[in-house]
Amino acid sequence: MKLGINPGTKPGVLVVSHGSREADWVRLVDDAVSACADLMGSEVPVVSAFLELVEGRLIQDGVHVLEAEGVTDLYVLPLFVSSGSTHVDDIAQAFGMEPVSAARVGELERFVVQRGVRVRFGVPIDDDGDIAELLLRNIAGLSGGRDGTLSAGAERALAAECELKEEVGAREERPLAKAKNEPSEGTEQLSAMAKHETLAGESGEPSESAGALAELTAAERESELNALAVGEPSDGARAEQLPAARRRERLLLVAHGSREAVFHGRWRDGMAALAERVRELGGFAGAHSAMLLPNQAACKLGALQRRYPDDTFIVVPLFLSEGYFTRTVIPTRLAGLNYRYNGRALLPSPQIARWMERQIRKWLSTM
């Protein structure tokens with residue numbers, strides 16, 4: 001399919017993901033990017049690069065590959081699940097974009113791009129209808145049974161309750177792997193994460209709950225929690241409208257998250273919107289979300305199970321690829337709680353390649 005690219009213009013795409021020491025993790029990302037490149041055809045080169053951990057395949061390496069092909073317009077597409085990732089902000093700033101928060105300076109050195117090459121920075125997955133369908137397919141074999149959903153305010157209050165009860169550590173999200181405080185996605189030491197969180201909690205720095213949830217005043221939190229305790233009047237009405245097989249099932253999306261206030265809010269809002277999409281598509285009675293950073297997943301699942309003791313809970317991991325977090329961290333954090341879980345991540349799936357293709361074609365349409 002000819003794209004109608006202006007003469008003298010050579011667009012190129014750099015798909016950037018986190019990276020991992022696990023070869024299978026890298027292969028799944030590369031396969032998805034290769035499938036996207038096939039969809040785009042030969043007119044637009046599409047290159048996969050990584051933030052860290054994949055020697056010879058880092059972001060600057062990818063820039064050099066595209067420059068060698070004569071690219072005049074570079075589209076950097078962050079293959080991350082949330083715009084709440086500070087890694088995405090780091091990458092964007094290193095390409096000369098404005099920071100998400102003026103209070104946060106990116107951790108990466110500025111990337112070197114040839115003079116005259118125009119750079120456009122894309123957006124992560126966040127709330128996307130195709131990804132909601134992908135998540136629903138991932139849990140198809142786990143569903144078989146469930147009752148009303150929480151209001152947006154009560155959902156925030158439940159998150160507040162969990163975060164106020166748990167020690168969430170220092171305000172900074174984990175640094176890049178070079179700091180060695182906490183394992184990167186795909187590494188294998190759960191003890192390192194536990195140690196990092198314990199030390200952060202003993203550092204004397206302020207809890208994230210004060211910053212990340214500043215939009216809820218004490219009075220608002222009390223009001224929301226009171227509403228949560230007595231239930232919403234819409235619960236029964238909504239349950240009556242759901243398929244019988246789903247009236248006793250609830251979803252809990254679990255993702256990495258962030259302690260930093262602005263980024264925490266982006267994670268929360270994107271996850272809540274995506275969870276609601278999945279709920280609507282599947283006819284579940286409710287869908288909720290929780291982050292691993294701060295450590296709220298167990299508290300939130302436990303609170304929901306106390307509120308809905310007759311319901312079945314399906315835990316849905318929101319990670320790009322299966323690895324350390326899906327196989328180890330989530331089951332460890334939720335140990336002792338009753339839920340259904342298969343650990344399936346977004347990859348492998350052709351929908352990821354199609355998501356990338358849509359972002360690229362949208363960019364091309366603006367050139």
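Which strands does H1 lie across, and at about what angle does H1 run to S2? Select H1 together with S1 and S2: the helix lies across both strands, running at about 160° to S2. Angles here go from 0 to 180 degrees between N-to-C directions, using axes that are lines fitted to C-alpha atoms, for helices over the stretch in contact. Contact means heavy atoms within 4.5 Å. Helices (H or I, at least four residues) and strands (E, at least two) are DSSP runs, numbered from the N terminus.

Before moving on, a word about what you're looking at. This is a predicted model, where local features need pLDDT of at least 70 and side-chain atom pairs count only at pLDDT 80 or more, while totals for chains, interfaces and linings use all residues. Residues are numbered from 1 along each chain as its sequence is written, and side-chain values use heavy atoms, with hydrogens and water left out.

**The four-stranded sheet**

Now show the strands in the order S2-S1-S3-S4: that's an open sheet with parallel pairing. Two strands pair if DSSP finds at least two bridges between them. Strand S2 (46-50) and strand S4 (118-121) are at the edges with a single partner strand each, so one side of each has no neighbour in the sheet. From one strand to the next, the twist averages 25°.

Zoom in on S1 (residues 11-17) and S3 (residues 73-78), which pair in the parallel sense over six bridges. Click on Val-16: its bridge partner in S3 is Pro-78.

**A buried glutamate**

Follow the loop between S2 and H2 and you'll find Glu-52. Is Glu-52 buried or exposed? Glu-52 is buried, at a relative accessible area of 8%; buried means under 20%, exposed over 50%, and partly exposed in between (1.4 Å probe, protein chains only). Show the side chain of His-18 too, as the Glu-52 side chain makes a polar contact with it at 3.0 Å. (A polar contact is a pair of N or O atoms within 3.5 Å; within protein, one must be able to donate a hydrogen and the other to accept it, and residues adjacent in sequence count only if both atoms are side-chain atoms.)

**The three-stranded sheet**

Next, pick the open sheet with the order S6-S5-S7, again with parallel pairing. Its edges are strand S6 (286-291) and strand S7 (312-317). Strand S5 (residues 249-255) pairs with S6 in the parallel sense over six bridges, and Arg-250 stands opposite Gly-286 in S6.

**Into the core**

Select Leu-318, Leu-346, Ile-352, Met-356 and Ile-360: of the 49 residues in the largest nonpolar core, these touch the most other members. Such a core is a set of buried Ala, Val, Leu, Ile, Met, Phe, Trp, Tyr and Cys residues joined through side-chain atoms within 4.5 Å. Helix H1 (residues 23-40) gives the largest share of this core, eight residues. Apart from it lies another core of 20 residues, including Val-16 and Phe-80.

**Last stop: H11**

Why is helix H11 (residues 297-307) largely enclosed by the rest of the structure? Because eight of its eleven residues are buried, among them Cys-299, Lys-300 and Gln-305. Zoom out to finish: the chain has 13 helices and seven strands, and 56% of its 367 residues count as buried.
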